[in-house]
Amino acid sequence: MKLPIIQSPQLVKQTEIALAYALFQRERHGKRLEQVVLAPENKRGYLGVSSISTPPCVLYYSLTNEPKEETDLPSRFGFDTGHILEGYVLDLLQAEERQGELSWPYLLAPSGVIKGHFDGRTKNLMQDGACIIEVKATGGYSFNKKIEEGADNGHIEQAFVYAVGSSSPYFVIIYCNREAKKSTPFYAVFGFHIPDMIAAKKAVQDLFAERFDPVLLSLHHELRPDQPEKPRWEFGPRGWRCRPDSSYFTKGGKENFTVGYCSYRGTCPEGLAYREIEEERKVAAA
Ligand code: SF4
């Protein structure tokens with residue numbers, strides 16, 4: 001769905017100036033960063049805004065507490081460095097609020113509520129209103145794609161919901177390049193303005209209904225939602241649908257041929273079927 005937002009070059013400029021100034025100060029005088037808090041991985045007992053672009057099948061498994069693939073140490077390191085980068089950028093921008101919790105009463109949701117936690121919020125950047133700051137750490141390939149194609153739609157929706165929920169007329173998404181080297185950019189900034197808060201509040205409700213209602217209703221029937229015929233572009237530039245296609249299988253030395261990008265691939269019938277198909281292909285090709 002089309003969100004009632006417009007790009008804000010002014011916010012992008014203000015954010016870039018603030019980051020450049022903080023980094024210049026850091027070069028000159030050093031910089032003492034706030035302590036980064038790395039919270040333990042707790043099971044969520046609620047429906048979170050960050051699931052707004054989660055595939056319906058994955059969200060269903062998550063809400064029914066199906067066993068998930070364990071987070072291995074390299075992935076844990078990836079999450080932790082993401083949190084550290086988040087703290088780093090929020091410190092540079094001197095965000096006054098961090099990890100603020102927002103909630104929306106929602107009849108269908110477990111416990112009757114949808115919750116969300118924004119990374120940061122500041123009144124320093126724009127003179128006419130507060131701004132939500134979302135920081136996303138990415139690898140070099142994905143970072144370059146963002147520069148070419150713009151911010152991920154799921155990230156825009158998530159930050160939009162936080163901005164509306166916290167009555168902030170601006171939101172900025174900052175991608176940090178984990179693989180930045182000499183002469184490669186370290187961050188990319190995408191800024192947005194919400195000109196009409198009443199229209200935006202309605203858009204949030206429509207977004208919740210579009211993304212969550214089919215899954216929440218399917219919980220009552222104990223029937224997992226199917227993948228749609230065609231993957232929807234809103235779920236990311238690559239779509240989200242699993243296919244018996246090697247591009248969706250994990251690579252990097254893992255010989256288990258499981259479907260990539262899904263923690264339920266070990267439980268989900270499609271995930272298991274794809275693994276079998278790929279194994280058969282491998283045997284046929286040998
Ligand atoms: S493996 Fe594929 S079909 Fe199964 S839950 Fe994950 S994304 Fe959905």
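Visitor: How many helices and strands does the protein chain have?
Guide: The protein chain has seven helices and nine strands. The model is a predicted one. Of its 286 residues, 44% count as buried.

Visitor: How many aromatic pairs are there?
Guide: The count comes to 10 aromatic pairs.

Visitor: Why is the pair of Tyr-61 and Tyr-264 called tilted?
Guide: The ring centres of Tyr-61 and Tyr-264 are 5.6 Å apart, and their planes stand at 40°. Stacked rings need planes under 30 degrees apart and edge-to-face rings over 60, so with 40° this pair is tilted.

Visitor: What makes Tyr-61 and Tyr-264 a pair that ties together parts apart in sequence?
Guide: Tyr-61 lies in helix 2 (residues 56-63), while Tyr-264 lies in the loop between helix 6 (197-221) and helix 7 (269-285), so the pair ties together parts that are 203 residues apart in sequence. Both Tyr-61 and Tyr-264 are buried.

Visitor: Why is the pair of Tyr-106 and Phe-208 called edge-to-face?
Guide: The planes of Tyr-106 and Phe-208 are at 85° and their ring centres 5.8 Å apart. Pairing requires centres within 6.5 Å, and edge-to-face requires planes over 60 degrees apart; the pair is therefore edge-to-face. This pair also links distant parts of the chain, 102 residues apart: Tyr-106 is in the loop between strand 4 (101-105) and strand 5 (113-117), and Phe-208 is in helix 6.

Visitor: Are Tyr-106 and Phe-208 buried or exposed?
Guide: The cut-off for buried is under 20% relative accessible area. Tyr-106 has 10% relative accessibility, so Tyr-106 counts as buried. Phe-208 has 0%, so Phe-208 counts as buried.

Visitor: Which residues form one aromatic cluster?
Guide: Trp-104, Tyr-106, Phe-208 and Phe-212 form it.

Visitor: Why are helix 2 and helix 6 called oblique to each other?
Guide: Helix 2 and helix 6 pack at an angle of about 45°, and their axes are 10 Å apart. Roughly parallel would need an angle under 35 degrees, and roughly perpendicular covers 65 to 115; helix 2 and helix 6 are therefore oblique to each other. Helix 2 passes helix 6 in a right-handed crossing.

Visitor: Which residues make the contact of helix 2 and helix 6?
Guide: From helix 2 come Pro-56, Leu-59, Tyr-60 and Leu-63. From helix 6 come Phe-212, Val-215, Leu-216, Ser-218 and Leu-219. Phe-212 also belongs to the aromatic cluster with Trp-104, Tyr-106 and Phe-208.

Visitor: How do you know that Lys-115 lies over the face of Tyr-46?
Guide: Lys-115 is at 5.2 Å from the ring centre of Tyr-46, and the distance cut-off is within 6 Å.

Conventions. Residues are numbered from 1 along each chain as its sequence is written. This is a predicted model: local features need pLDDT of at least 70, side-chain atom pairs count only at pLDDT 80 or more; totals for chains, interfaces and linings use all residues. Side-chain values use heavy atoms; hydrogens and water are left out. Rings of Phe, Tyr and Trp (its six-membered ring) pair if their centres lie within 6.5 Å; planes under 30 degrees apart count as stacked, over 60 as edge-to-face and the rest as tilted. Helices (H or I, at least four residues) and strands (E, at least two) are DSSP runs, numbered from the N terminus. Buried means under 20% relative accessible area, exposed over 50%, partly exposed in between (1.4 Å probe, protein chains only). A charge sits over a ring if NZ of Lys or CZ of Arg is within 6 Å of the ring centre and within 35 degrees of the ring normal. Axes are lines fitted to C-alpha atoms, for helices over the stretch in contact, and angles run from 0 to 180 degrees between N-to-C directions. Angles under 35 degrees count as roughly parallel, over 145 as roughly antiparallel, 65 to 115 as roughly perpendicular and the rest as oblique. A crossing is left-handed if the near helix is turned anticlockwise from the far one by less than a right angle, and right-handed if clockwise. Contact means heavy atoms within 4.5 Å.
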